[in-house]
Amino acid sequence: MATGRTHRPATRSRGIPEATVARLPLYLRALTALSERSVPTVSSEELAAAAGVNSAKLRKDFSYLGSYGTRGVGYDVEYLVYQISRELGLTQDWPVVIVGIGNLGAALANYGGFASRGFRVAALIDADPAMAGQPVAGMPVQHTDDLESIISDNGVSIGVISTPAGAAQQVCERLVAAGVTSILNFAPTVLSVPDGVDVRKVDLSIELQILAFHEQRKAGEDVAAEAAAVVPPAARTVAADAADTEGNGRKGPDGDVPAVMPA
């Protein structure tokens, strides 16, 4: 099986938009669920609903892959699973290192979804000497002193950073210098990387803050709706009439406020 250091996905060279690339894993997850249920074909409407997008966008995305389905039949599930997996580079082996084996790093190491999606955790690395040799998810933790040799020996091109914020940039620079060209960053900080290095940031606190914003907004809308509900319709009409006549100046001959008020 090929390794990630010598084979790169072809999506950029084929001109697939980044927005489409971001949706491909959603389609793959939905298709994998269908495949596990032995569903042979799926319509664009059904697959779009399962992936949480609209069907027109799905058909447009698949057109970049050269897949148009069959009228009256839909898309072949197994073929689409293969096609999307190939575009995402998941038909080859991607060795990954996780740096920072605290609570989050240990949870990531124990995540079973990596192996099933083409990612092999090649090493767990931590700066704490007391962690060296300790087993996590069936693997011994290695010290950061050996980071460069670990990356070279395993042909690693993808690194996961789950260190505290203060250590993340230095770890990032060492990863890049050792040959890592893609980084998944869980540290609560923005990383500075050179051209040619891709960084994806995962910040759970930001996602929660966005949800808090929407919850607050919904709560405000509920309060406004309740306040409007307790005012009798007649009172609202009187108030509206008063607003028309008080503070708005004289009305024109057709009942509208003149654009220029007379002196």
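A residue is called buried here when its relative accessible area is under 20%, exposed when that area is over 50%, and partly exposed in between, with a 1.4 Å probe and protein chains only. R23 is buried by this rule, with a relative accessible area of 17%. The model is predicted, so local features need pLDDT of at least 70 and side-chain atom pairs count only at pLDDT 80 or more, while totals for chains, interfaces and linings use all residues. Residues are numbered from 1 along each chain as its sequence is written, and side-chain values use heavy atoms, with hydrogens and water left out.

**Chain overview**

- The chain has ten helices and nine strands; helices (H or I, at least four residues) and strands (E, at least two) are DSSP runs, numbered from the N terminus.
- Of its 263 residues, 34% count as buried.
- Contacts (heavy atoms within 4.5 Å) between residues 24 or more positions apart make up 56% of those with a separation of 6 or more.

- Two packed helices are described by the angle between their axes and the distance between the axes.
- Axes are lines fitted to C-alpha atoms, for helices over the stretch in contact, and angles run from 0 to 180 degrees between N-to-C directions.
- Helix α1 and helix α2 (residues 44-51) pack at about 110°, with their axes 9 Å apart.
- α1 is therefore roughly perpendicular to α2, on a scale where angles under 35 degrees count as roughly parallel, over 145 as roughly antiparallel, 65 to 115 as roughly perpendicular and the rest as oblique.
- The crossing of α1 past α2 is right-handed; a crossing is left-handed if the near helix is turned anticlockwise from the far one by less than a right angle, and right-handed if clockwise.
- From α1, the contact is made by L26, Y27, A30, L31 and L34, and from α2 by L47, A50 and A51.
- By class, this contact of α1 with α2 has eight nonpolar, no polar and no charged residues; Ala, Val, Leu, Ile, Met, Phe, Trp, Tyr, Cys and Pro count as nonpolar, Asp, Glu, Lys and Arg as charged, and the others, Gly among them, as polar.

**Helix α1 against α3**

- Helix α1 (residues 18-36) and helix α3 (residues 55-64) have axes 11 Å apart and an angle of about 105°, so α1 and α3 are roughly perpendicular to each other.
- T20, R23 and Y27 of α1 meet K57, L58, D61, F62 and Y64 of α3.
- The contact of α1 with α3 divides into four nonpolar, one polar and three charged residues.
- R23 lies in α1 and, neighbours within four places in sequence aside, is in contact with V53, K57 and D61.

**Helix α1 against α4**

- α1 and helix α4 (residues 77-87) pack at an angle of about 145°, their axes being 9 Å apart.
- α1 passes α4 in a left-handed crossing.
- On the α1 side the residues are L24, Y27, L28, L31, T32, L34 and S35, and on the α4 side V77, E78, L80, V81, I84 and S85.
- Nine nonpolar, three polar and one charged residue form the contact of α1 with α4.

**Strand residue Y75**

- Y75 lies in strand β2 (residues 75-76) and is buried, with a relative accessible area of 5%.
- Y75 and V42 are 33 residues apart in sequence and 5.3 Å apart in space, C-alpha to C-alpha.
- Leaving out neighbours within four places in sequence, the contacts of Y75 include P40, T41, V42 and S44, along with L58, R59 and F62.
- S67, Y68, G69 and L80 are also among the contacts of Y75.

**Positive phi in loops**

- S38, in the loop between α1 and β1 (41-42), has phi near 60°, a positive value in a residue other than glycine.
- S38 is exposed, with a relative accessible area of 63%.
- A137, in the loop between β5 (135-136) and β6 (139-143), has a positive phi near 55° and is not a glycine.
- A137 counts as partly exposed, at 39% relative accessibility.

**Helix residue Q170**

- Q170 is in helix α8 (residues 165-178) and is exposed, with a relative accessible area of 54%.
- Between Q170 and L191 there are 21 residues of sequence separation and 9.4 Å in space, C-alpha to C-alpha.
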